[in-house]
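Q: I would like to learn how to read the features of this structure. Could you take me through them step by step?

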Amino acid sequence: MGDLLRENTLYGNIYDWAIGIVGEDLAWLAYTVAVMAIILLVVNAFLAMGTLYTWAERRIIGRFQSRVGPNRVGPFGLLQAIADAVKLLFKEDIVPRAADRIVFNLAPIAMLAPSVMALAVIPFGQTSYLANLNIGLLYLIATSGIASLAVMMAGYASSNRYAMFGAMRAVAMLISYEIPLVMVLLAVALLAGSMSLVDVMTSQAIPFLLVTPLGAIIFFLAISAELNRSPFDITEAESELIAGYLTEYSGMKFGVFYLAEFANVLLAGAIFSTLFLGGWPWWTPLSHVWFLVKVMAFAFIAIWVRSTIPRFRIDQIMVIAWKVLFPLSLVNVAAIAIEVVAWPERTLPQLVIMGIINWGITAVATVAVTRAWRASNGLRVSPSARAVRLEVG
Amino acid sequence: MYGSGMMKGFGVTIRNLFRKPVTVQYPEEKVRQSSRFRGQEFSWFEDRCTGCASCAKYCPLGIIRIVTSPSDRHKQDGADFNIDVFDIDQARCMYCGLCVEACPYDALHMGTNFEGAQLRRQDLVITVDVLRKRAKHPSTWYRPQLERQDFDPYKQEADMQTVAREPYYWHPKRPAMLPESARKEATADGEYK
């Protein structure tokens, strides 16, 4: 048992220690103990990081907006998340009378569970991945698909128009953006020649961000939409929908949604740094730290984007998904498929050549799609025109 | 160039990141108000007050109550009045400052404080004892004589001579208020102690 986990040194050590106590006959017990210990460690570390991240995001976005951010509770406001959690725990747990109680209570769990499940295939550092699944990318897509179901559950079960509108918008957006996302993951899988995240990482002689910049940009935009973050946060556009699918939630259920939303940013950062930033293999003794630095860099960029770009309208979001990102991701997949056939070994010089070609393709394709989009909407094609209205037909 | 507008936006936010936040952390640091700030507490100089109750008459809300009684002091010049009650009900005060404008003897001034929250409504009534004891940091609002002296209410405390419009030669009721030369003149006939 536990063969998938054998590559994890921490698991191996706990397993060996437990075997030493209970003996070979009770190997199943040692296995259970080791697995539980690992689950406890990883899940709690992830959730604690998510909690810390809520503080970091609020502080950093505050500075981006020339504010201070939460600085009252504890040193530098570090305990703000704990104070918030205590407040949420003490709040009354309100369930609307017309709500579908079971679905209503299940939705927060269904929201948080996929992000915890997706951790199983993330390589955090050398020998620190839980499972080296050979279909890791597919597993990631499958788990992230559950989140849109959770949003729909929350919106439907609240029996609130605002919640339903928010959920419908969210699901429309999530499904639309999953297509370019999956296309990019397909290109990455082609490039790495494997769907296992560990193989994807080790095959990056140079980070895939440099080899396939178009893919990285599309992935970043699509994952921002999947995370319901600011330029794409129409699901909880407070000026239109109060709080979207969260309208009827209060207390710790709301807290779980909130935590899941922020923890998902870290998860997205982990996926992004695995797929595009080369993961940990830089200097192996500090591989975990190096990985964490990359995740933090992603989170910082995400916060920067969130603090800068105002919210798109629902039709603009759909246009970005279908008229811009989708064709670009098709171009990306086609280009990488041809390149992979042309240079099947994917050694360092070959990756460099691929990268140079892809940078050219990125520039040309971006400009072409933008011009085509503008022309199809009867806008002036020249970008030098000062006031180009972002009108969408 | 494509995306230059977006780059400009990102530049704005990243510049904010390395700038000091504009937020003033209130209980620790306070925004310095203008010296003409019409603040909460009133600065009242009892030695200047004759108990004429002009402030009470001019108050649009009628929230100032003055009760006076004749005293034994300065009987030669007509009796001096004790100010027994001088209640200002801050709960209804709108800080228009008409009482200050009305005061003929520059005895009442707006204050410079803005932290006067109380737990009970009756605590918002300023009584005469409170007015007597309070540190005098009068606002320079409607008091050009204070501005002429570069009076800074946030650093200095005012006494009854500082706040005067002019030396009260015309009203030599309280010799202590007079300048040194005038005081000698006024006390020359031995009437004033």
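A: Gladly! Helices (H or I, at least four residues) and strands (E, at least two) are DSSP runs, numbered from the N terminus. This is a predicted model, where local features need pLDDT of at least 70, side-chain atom pairs count only at pLDDT 80 or more, and totals for chains, interfaces and linings use all residues. Residues are numbered from 1 along each chain as its sequence is written, chains are lettered from A and ligands numbered from 1 in the order in which they are written, and side-chain values use heavy atoms, with hydrogens and water left out.

Q: How many helices and strands does chain B have?

A: Chain B has six helices and five strands. Along the sequence they come in the pattern α-β-α-β-β-α-β-β-α-α-α.

Q: What share of chain B is buried?

A: Buried means under 20% relative accessible area, exposed over 50%, and partly exposed in between (1.4 Å probe, protein chains only). Of the 193 residues in chain B, 40% are buried. As for contacts, the term means heavy atoms within 4.5 Å. Among those in chain B between residues at least 6 apart in sequence, 67% join residues at least 24 apart.

Q: Now helix packing: at what angle do H6(A) and H9(A) pack?

A: Axes are lines fitted to C-alpha atoms, for helices over the stretch in contact, and angles run from 0 to 180 degrees between N-to-C directions. Helix H6 (residues 161–192) and helix H9 (residues 213–226), both of chain A, pack at about 150° with axes 9 Å apart. Angles under 35 degrees count as roughly parallel, over 145 as roughly antiparallel, 65 to 115 as roughly perpendicular and the rest as oblique. H6(A) and H9(A) are therefore roughly antiparallel.

Q: Is the crossing of H6(A) and H9(A) left-handed or right-handed?

A: A crossing is left-handed if the near helix is turned anticlockwise from the far one by less than a right angle, and right-handed if clockwise. H6(A) and H9(A) cross in the left-handed sense. Among the residues that meet are A:Tyr177 and A:Leu181 in H6(A), and A:Ile218 and A:Phe219 in H9(A). By class, this contact of H6(A) with H9(A) has 13 nonpolar, one polar and two charged residues. Here Ala, Val, Leu, Ile, Met, Phe, Trp, Tyr, Cys and Pro count as nonpolar, Asp, Glu, Lys and Arg as charged, and the others, Gly among them, as polar.

Q: Which residues make the contact of H9(A) with H13(A)?

A: H9(A) and helix H13 (residues 314–342) of chain A pack at about 145°, with axes 10 Å apart. A:Leu214, A:Gly215, A:Ile218 and A:Leu221 of H9(A) touch A:Leu325, A:Leu328, A:Ser329 and A:Asn332 of H13(A). These residues divide into five nonpolar, three polar and no charged.

Q: Is A:Ser307 buried or exposed?

A: A:Ser307, in helix H12 (residues 287–308) of chain A, is buried, with a relative accessible area of 11%. Leaving aside neighbours within four places in sequence, A:Ser307 is in contact with A:Ile61, A:Phe64, A:Gln65 and B:Thr13.

Q: What is the phi of A:Phe76?

A: Most residues other than glycine have a negative phi. A:Phe76 has a positive phi near 55°; A:Phe76 sits in the loop between helix H2 (27–64) and H3 of chain A and is exposed, at 62% relative accessible area. B:Tyr142 also has a positive phi, of about 60°, and is partly exposed at 44%.
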